[in-house]
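Here is a short tour of a structure you can follow on screen as you read. Keep the sequence at hand, and let us take it topic by topic.

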Amino acid sequence: MRDVAVVSFAQSPCEAANRRDDMAGILLPVIREALGAVGVDRDDVDFFASGSHDFFEGRTFAYIESLDAVGAWPPVSESHVEMDAAWAFAEAWSWLQLGEGDIALVYGIGRGSLAADLDQVLPAQLDPYFLAPLRPHRDALAGLQAAAMIDAGLTSERDLAEIVVRSLSAATGNPYAQKSGHLGVDQVLDAPYVSTPLREHDVAPVGDAAAVVVLAAGDAARRLGDRQAWVRGLDHRMDTHYPGVRNLTRSESTRVAAARAAELAGFGASEVDIAELHTEYSHAEPLLASALGLERTVVNPSGGPLAGRPVTATGLVRIGEAARRILDGRAGRALAHATNGPALQHNLVCLMSGEAAA
Amino acid sequence: MREPASEPSVLREPASEPSVLREPASEPSAPTLPEPLTTMASPFRMDYTYVAGTGRSVFLRGLAEGRMLARRCPACAQVYLPPPEFCSRCLSRLDEPFELDGRGVISTFCVVSFPFPGQVHEPPYVVAHIQVEGSGTRLMHLVREVDPADVRIGMEVEPVWAGEDERENSLTSIRHYRPAGDEYA
Amino acid sequence: MTKALAVVGIGQSRQAKRREVTIGAMVREAVRGALEDAELTFADIDTVVLSKTPDLFDGVMNPELYLADAMGSVGLPVTRVFTGGSVGGHAAIYGAHLVAAGLARRVLVVAYSKESEGNFTWALSRPLPFSAQLGAGAGGHFAPVIREYIRRSGAPEHIGWKVAVNHRLNATRNPYAHIQRPDITVDEVRNSPMLWDPIRFLESCPSSDGSCAVVITSEEHVPRTDRRPAWIHGMSWRTETGHFAGRDEVNPQAGRDCARDVYRQAGIADPAGELDVVELYIPYSWYEPMWLENIGLAEEHRGWRLVEDDRTAFGGHLPVNPSGGVLSGNPTGATGLLRFAEAALQVRGMAGEHQVQEARRAVGHAMGGASQFHALWVVGSEKPAVAA
């Protein structure tokens, strides 16, 4: 494997509804900041990768509009995933393995606020014949999963409230968080149910933000800064679609992805200092921690998605936040996780270290 | 052959009420099973708020006042019409808006000759790329007040504005383009 | 790249309005075909890449989720690529990159569209916020570009009609092609309704349902079957901004850069002389001479002469789209991958009735957006001397 590292990360503040800026207005300053921090000119970028989804933007080919805003002239090597931008990060990482270039820029746009009602939109993610016609509430399948976890004795409503309290408290130190504060467990437990057993604060608040990561290989990465967050292992896996077929209390895809990432990295999820998990619901934390084998690891020091979920940028923010803690010396090893689909159907695990592979 | 359709790229639409037809597989069924479904309707309705952004807002407000406002990149001098907020080449914030008279030349065009669902204008009509004088980008608009057969690349054209009371924050404030000055005569 | 890569399995569904199957069942047709061709099972596949055009076309968001079972991708990494109409080409190249990077041994690349389940016309004719409501329709973007090509090259108008006939006759030799018009004539094309002047009805692509799948692997994992692989001699993608002054959309720089890069990898100095057959993304007939020039198979302004001289017809020196191409079937999400797959079928000698004799090197080409996204690969019947 070629040594590849995150050398820069920037994000915009996650806003519940940014009505001031269009997509380019949110994204371009973030790209400028991420490149500027490591003194990279846009012409030095060898590969561009991005992630977004039309159904959040409300138009077909939203990606092309963002690409035109970012600009590609002279022509560039470029690709796009219609997914969370964490998967664009995976593509950029694999592209750098080819040795055709040294620097890649990954950007993610997430606009959760444009759809008037996500309950109109998100059922379209389900099997179009059997599940979508049921038009479940956007949080309904998560509620089923959380209930299954509590029923199996794997967590409790109080445990979930404690996760919320810890996350929102951590977010008070994160200037990009959409939501933060020092709440009490009882206060959280007093909030109304959204989808039993999930209450108001158990559900990540959807918002608008962009995230940008600069990746560089080998000597280029070393040249661009004093520290690098080396991507030592990355993998992602898919579970079956139908919630009725899966054991909702486990995430087999996360377990397999973590095992494969550990094989590449030479260290496992249990050996990291911090983990940024794509928890769109509080119950996802114990579920993922179990699948990953996390024990004493600090989880979501940024506050995590419970403090702000800019839809298709959320996973890339996890990678950026995890890398940032290595870049600023607060962590030696870090894990980032991203997910998509109902009840954590598709999961990505990225292991990073301040040290390149021996 | 069905209606032609390809990668239109320049056409994007807000989502609202696509009528989506579903049909499960029609495996040969045993005699006791019901007849296979051939279609099932599953209509989605999706409503969105679109955000124009500060850059486009300047342009759209200008249209309501009957003015075409362009902006220049301070770094590379590219002039955008309509202007976004940032230069797509330099990532710099664009300079203050300034007015162009909107006249330009047709860089290329097509004649839409057939009716299709959702069509706004009665065919045949001319859709042209217009290189507005002073701008580094092209504007797409209708060209009218001329026989489509007489439209040619390089023709000088000018905007025809809607009446003051009809103007709004939209490109419809320009009704269309038409051959300019001496071209028109 | 240090190891040779190969396409070892190819499957595709019939292109048509497929009311008798679900999306999943139609995707499975291509997947099954690719696995059977490679004599592999799902257990041999370790990564899946999905190609699909906008989800609004058929109303399924993130279809990689619903299709996990149909694609056999449960327990595997899955990536859904989307880069406009070129997406099938981008997906194939990304799949090949994963093998080249050592991150996968055998990648299954899957592509489909089932636009008959959505309201395709609706999806393409909605007004754009903040833009004039011109109602130009799908071809309204491409017609002005074609007009500019005709002006520059001085090509006679029958070139477009002739391409339309060539491709439709080619389709009669491809059982998967949507449009079957064995009796088509130049007069018929000329007399078909004018849609977006200068594009006539029979010079335009249809809207189709359909799927395609390919298996890509590296030399050490090529399965031992009776069918030879298609070796990848070069692959490249390039993207350029869609709208700015001075952009040449008739002969886009990104396409020229992409072709130059891919010929360099393949060691091709004289593309027109060294390539035996090409499958190009031609949604409107005039794009045949335009792309021939863009990817270096004809001199600038002279691509139309290859059409005039019958060189690009089936049986000519450089047949273009012997499968019938996009003009004969256009499941948009799969259209790009079909071009890549058809090029591979040709050099494997497996193209059936539309097989070009002694096809040893072929180009697969895909294009998207406002001719902004370009993807190309060169495949050959021989393992490349120096890996691409």
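Let us begin with strand S1 (residues 4-11) of chain A, which is mostly covered, with eight of its eight residues buried. Please keep in mind that this is a predicted model.

**Strand S1 of chain A and its neighbours**

- S1(A) pairs with strand S7 (residues 208-217) of chain A through seven bridges, in the antiparallel sense.
- To find this pairing on screen, look for A:Ala10, which has A:Val212 of S7(A) standing opposite.
- S1(A) is also joined by two bridges to strand S8 (residues 229-238) of chain A, and these two strands run antiparallel.

**A covered helix in chain A**

- Helix H12 (residues 314-327) of chain A is mostly covered too: 14 of its 14 residues are buried.
- How far apart are the end C-alpha atoms of H12(A)? They lie 20 Å apart, and this agrees with the 20 Å that its 14 residues should span at 1.5 Å a residue.
- Just after H12(A) comes A:Gly329, with a positive phi of about 85°.

**Where chains A and B touch**

- The contact involves 32 residues of chain A and 27 residues of chain B.
- On the chain A side, the elements that give two or more residues are helix H1 (23-37), helix H3 (62-70) and helix H5 (118-121).
- Sorted by class, that side of chain A has 17 nonpolar, nine charged and six polar residues.

**Chain B at a glance**

- Chain B has 10 strands and two helices, and along the sequence they follow the pattern β-β-α-β-β-β-β-β-β-β-β-α.
- Of the 185 residues in chain B, 39% are buried.
- Taking the contacts in chain B between residues at least 6 apart in sequence, 51% join residues at least 24 apart.
- Chain B holds an open sheet of three strands in the order S4-S3-S5, with antiparallel pairing.
- Which strands form the edges of this sheet? Strand S4 (79-80) and strand S5 (98-100) of chain B do, since each pairs on one side only.
- Strand S3 (residues 68-72) of chain B is antiparallel to S4(B), with two bridges between them; B:Arg71 stands opposite B:Tyr80 in S4(B).

- Strand S10 (residues 361-368) of chain C is mostly covered, as eight of its eight residues are buried.
- In a regular strand, side chains alternate between the two faces of the sheet.
- Both faces of S10(C) are covered: C:Arg361, C:Val363, C:His365 and C:Met367 are buried on one side, and C:Ala362, C:Gly364, C:Ala366 and C:Gly368 are buried on the other.
- Strand S9 (residues 277-279) of chain C runs parallel to S10(C), joined by three bridges, and C:Glu279 stands opposite C:Gly364.
- Strand S11 (residues 373-380) of chain C runs antiparallel to S10(C), joined by eight bridges, and C:Met367 stands opposite C:His374.
- S10(C) and S11(C) form a hairpin with four residues between them, and C:Gly369 in the turn has a positive phi of about 60°.

**Helices of chain C**

- Helix H3 (residues 87-100) and helix H12 (residues 332-348) of chain C pack with their axes 6 Å apart, at an angle of about 60°. H3(C) and H12(C) are therefore oblique to each other.
- Among the residues that meet are C:Val87, C:Ala91 and C:Ala92 in H3(C), and C:Leu337, C:Leu338 and C:Phe340 in H12(C).
- This contact has seven nonpolar and five polar residues, and no charged residues.
- Helix H1 (residues 23-38) of chain C has 16 residues, which should span 22 Å at 1.5 Å a residue; its end C-alpha atoms are 23 Å apart, which agrees.
- Why is H1(C) largely enclosed by the rest of the structure? Because 12 of its 16 residues are buried, including C:Met26, C:Arg28, C:Glu29 and C:Asp37.
- The cover over the buried residues of H1(C) includes strand S1 (5-12), strand S4 (106-114) and strand S7 (209-218) of chain C.
- Just after H1(C), C:Glu39 takes a positive phi of about 55°.

Key: Residues numbered from 1 in each chain as written. Chains lettered and ligands numbered in written order. Predicted model: local features only at pLDDT ≥ 70, side-chain atom pairs only at ≥ 80, totals over all residues. Buried ≥ 20, exposed ≤ 12 C-beta atoms within 10 Å, placed from the backbone. Contact = placed C-beta atoms within 7 Å. Nonpolar A, V, L, I, M, F, W, Y, C, P; charged D, E, K, R; others polar. Pairing = 2+ DSSP bridges. Axes fitted to C-alpha atoms, helices over the stretch in contact; angles between N-to-C directions. Parallel < 35°, antiparallel > 145°, perpendicular 65-115°, else oblique. Expected span 1.5 Å × (residues − 1).
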